[in-house]
Amino acid sequence: MRCPYCGSLDTQVKDSRPTDDSSSIRRRRICPDCGGRFTTFERVQLRELTVVKRSGRRVPFDRDKLQQSVDVALRKRSVDPDRVERMINGIVRQLESMGEGDVPSETVGELVMEGLKGLDDVAYVRFASVYKNFREARDFEEILGKLAEEPEEDTPPARKKKPAQSE
């Protein structure tokens, strides 16, 4: 692993442990040349994925870019990071299990929107506004209308009050 500080290829692993959800390995590394310390993560990759953009351009799938997009949508929202990590892992697994090496960018965008919808409505609208290239307030009204029509899954059904018993 190349040192991000001096570029040396002779780095050493000092500590290795699985992440909380055991989906990756966290490694603490040190560079003997400059003494720099840094962390790397190792994840299982089932297949190489290529994203086919709307323009037809093909780029390698980048999990970090997906993470950054989701982080921008969730900025200043109080969502548990573990839930975000599980969502991103789920999206990556869905893409890998499609059986295709080439994935349309629309598929990635739709999966992210679906995942964000389950995490946070505000992040969902933020992501949708960029992904769907909203131009007018009417575009926001339309997506908010769709959100309002759907029943909320987190809201428990109303409880019936028990009649007061006389003593």
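Which pattern does the chain follow when it is read along the sequence? The pattern is β-β-β-β-β-α-α-β-α-α-α. The model on display is a predicted one.

**The whole chain**

Begin with the entire chain selected and coloured by secondary structure. The chain holds five helices and six strands. Of its 167 residues, 32% are buried. A surface display would show an accessible area of about 12,200 Å², with 48% of it belonging to carbon and sulfur atoms. Among contacts between residues at least 6 apart in sequence, 43% join residues at least 24 apart.

Next, select β1 (12-18), β2 (residues 24-30) and β3 (37-43). They form an open sheet in the order β1-β2-β3, and the pairing is antiparallel. The edge strands, each pairing on one side only, are β1 and β3. On average, and with direction ignored, neighbouring strands here are turned by 25° against each other. Strands of a sheet pair through backbone hydrogen bonds, either parallel or antiparallel.

Together they form a hairpin in which six residues lie between the strands. In the turn, select G35, which has a positive phi of about 80°.

**R27 in strand β2**

Now select R27, which lies in β2, and display its side chain. With which side chains does the side chain of R27 make polar contacts? One partner is the side chain of S16, at 2.4 Å. Another is the side chain of E42, at 2.7 Å. With neighbours within four places in sequence left aside, R27 is in contact with V13, D15, S16, F38, T39, T40 and E42.

**T39 in strand β3**

Move to T39, in strand β3. Is T39 buried, exposed or partly exposed? Its relative accessible area is 31%; a residue counts as buried under 20% and as exposed over 50%, so T39 is partly exposed. T39 is the bridge partner of R28, and the side chains of T39 and R28 also make a polar contact, at 2.5 Å. Beyond its neighbours within four places in sequence, T39 is in contact with R26, R27 and R28.

**Helix α2**

Finally, select helix α2, residues 81-96. How far apart are its end C-alpha atoms? They are 22 Å apart. This agrees with expectation, because 16 residues at 1.5 Å a residue should span 22 Å, the expected span being 1.5 Å times one less than the number of residues.

Display the buried residues of α2: V84, E85, M87, I88, N89, I91, V92, L95 and E96. An α-helix has 3.6 residues a turn, so residues three or four places apart point the same way.

Conventions:
Residues numbered from 1 in each chain as written. Predicted model: local features only at pLDDT ≥ 70, side-chain atom pairs only at ≥ 80, totals over all residues. Heavy atoms only, no water. Helix = DSSP H or I, 4+ residues; strand = E, 2+ residues; numbered from the N terminus. Buried < 20%, exposed > 50% of the residue type's maximum accessible area, 1.4 Å probe, protein only. Contact = heavy atoms within 4.5 Å. Areas by Shrake-Rupley, 256 points an atom, 1.4 Å probe, with all protein chains shown as cover. Polar contact = N/O pair within 3.5 Å; in protein donor to acceptor, adjacent residues only side chain to side chain. Pairing = 2+ DSSP bridges. Axes fitted to C-alpha atoms, helices over the stretch in contact; angles between N-to-C directions.
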